[in-house]
Amino acid sequence: MMASNTRRRRRLGQHFLFHDGILRRIVDYASLTSDDVVLEVGAGLGSLTSRLAEKAGRVIAVEKDLRLYRRLRQTFSHINNVEVLCGDVFRIDIPCFNKVVSNLPYSISKRFILWLLKSKFEKGVLLLQKEYADKLTAIPGSKNYSWISMIAQLFAQISLGEVIPASFFKPKPKVDSRIVVLNPRFKGVLHEELKDFSLRLFSYKNKRLVNALKLLHGRSDAEFLRACIGSIKGEGLPLNIRVYQLTPDAMEKVFKTWSHLRQRWRN
């Protein structure tokens with residue numbers, strides 16, 4: 001039975017954190033008040049949930065593991081400001097929230113951050129794999145700067161908190177974790193057209209911008225491409241810069257120029 005439980009925990013990326021000081025430090029980053037509704041994904045055994053419930057007006061705790069969900073329901077049955085939901089956060093209806101505080105399973109980090117960027121929120125405090133946390137804050141042009149770095153920094157100011165050693169978790173993961181704080185830049189929410197365009201452009205991340213745009217459109221769209229390159233040049237954007245050197249705001253500017261021209265082209 002113990003081996004079966006261990007395999008299940010590994011499959012779901014379950015690594016539980018019990019250190020009271022660290023859990024309270026995570027909660028402190030969220031600056032919670034009684035007006036806040038907090039979403040916690042992967043509530044696990046409820047260690048973080050109970051600390052959140054002490055500060056927030058309401059806690060929505062989501063747990064995918066039915067066994068843990070039942071345990072959470074029992075644990076928090078007498079706590080009025082905790083609502084426990086069972087299911088996959090990407091598939092179930094989530095009530096409105098304004099803050100997110102979670103010790104996420106590593107396997108859903110990227111998907112969850114994209115999901116969050118498509119949502120309206122006031123602050124996110126996440127415990128992520130350290131390497132992934134560092135990637136989120138990588139500067140343009142650096143080795144670690146990737147599409148997720150760019151798109152996350154476009155929609156949120158990201159700051160790093162303490163590194164949490166793997167030895168603080170049970171079962172012990174292979175890597176350390178790090179606290180990450182996301183404050184929205186109030187640019188709205190991530191929409192699919194920007195996501196798709198920037199993702200396709202970043203697939204040529206080592207190419208110069210002008211060459212990446214050519215590869216993006218191919219020869220069949222030559223007239224639009226010439227107009228697009230002309231418009232981007234007119235906006236003062238350097239066409240010889242490589243895609244991985246584009247700042248988040250520069251990428252947004254390229255997208256808006258491309259999108260506006262595309263709209264006019266269709267009309």
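Reader: How does α10 pass α11, and what makes the crossing right-handed or left-handed?

Author: In this predicted model, α10 passes α11 in a right-handed crossing. A crossing counts as right-handed if the near helix is turned clockwise from the far one by less than a right angle.

Reader: Which residues make the contact between α10 and α11?

Author: From α10 the contributors are Glu223, Phe224, Ala227, Cys228, Ser231 and Ile232. From α11 they are Val254, Thr257, Trp258, Leu261, Arg262 and Trp265.

Reader: Why are α10 and α11 called oblique to each other?

Author: Helix α10 (residues 222–234) and helix α11 (residues 248–266) pack at an angle of about 140 degrees, and their axes are 10 Å apart. Only angles over 145 degrees count as roughly antiparallel, and 65 to 115 as roughly perpendicular. The two helices are therefore oblique.

Reader: How do you know that the charged end of arginine 262 sits over the ring of phenylalanine 224?

Author: The charged end of arginine 262 is 4.1 Å from the centre of that ring, and the distance criterion asks for CZ of Arg within 6 Å. Both residues also belong to the contact, Phe224 on α10 and Arg262 on α11.

Reader: What makes phenylalanine 97 and tryptophan 115 an aromatic pair, and is the pair stacked or edge-to-face?

Author: The structure holds 7 aromatic pairs. In this one, the ring centres are 6.1 Å apart, and a pair requires centres within 6.5 Å. The planes make an angle of 15 degrees; planes under 30 degrees apart count as stacked. The pair is accordingly stacked.

Reader: Why is the pair said to tie together separate parts of the sequence?

Author: Phenylalanine 97 lies in the loop between β4 (82–86) and β5 (99–103), whereas tryptophan 115 is in helix α5 (residues 109–117), so the pair links parts that are 18 residues apart in sequence. Phe97 and Trp115 also form one aromatic cluster with Phe112.

Reader: Are phenylalanine 97 and tryptophan 115 buried or partly exposed?

Author: Phenylalanine 97 has a relative accessibility of 14% and counts as buried, since buried means under 20%. Tryptophan 115, with a relative accessible area of 21%, is partly exposed.

Terms used: Residues are numbered from 1 along each chain as its sequence is written. This is a predicted model: local features need pLDDT of at least 70, side-chain atom pairs count only at pLDDT 80 or more; totals for chains, interfaces and linings use all residues. Side-chain values use heavy atoms; hydrogens and water are left out. Rings of Phe, Tyr and Trp (its six-membered ring) pair if their centres lie within 6.5 Å; planes under 30 degrees apart count as stacked, over 60 as edge-to-face and the rest as tilted. Helices (H or I, at least four residues) and strands (E, at least two) are DSSP runs, numbered from the N terminus. Buried means under 20% relative accessible area, exposed over 50%, partly exposed in between (1.4 Å probe, protein chains only). A charge sits over a ring if NZ of Lys or CZ of Arg is within 6 Å of the ring centre and within 35 degrees of the ring normal. Axes are lines fitted to C-alpha atoms, for helices over the stretch in contact, and angles run from 0 to 180 degrees between N-to-C directions. Angles under 35 degrees count as roughly parallel, over 145 as roughly antiparallel, 65 to 115 as roughly perpendicular and the rest as oblique. Contact means heavy atoms within 4.5 Å.
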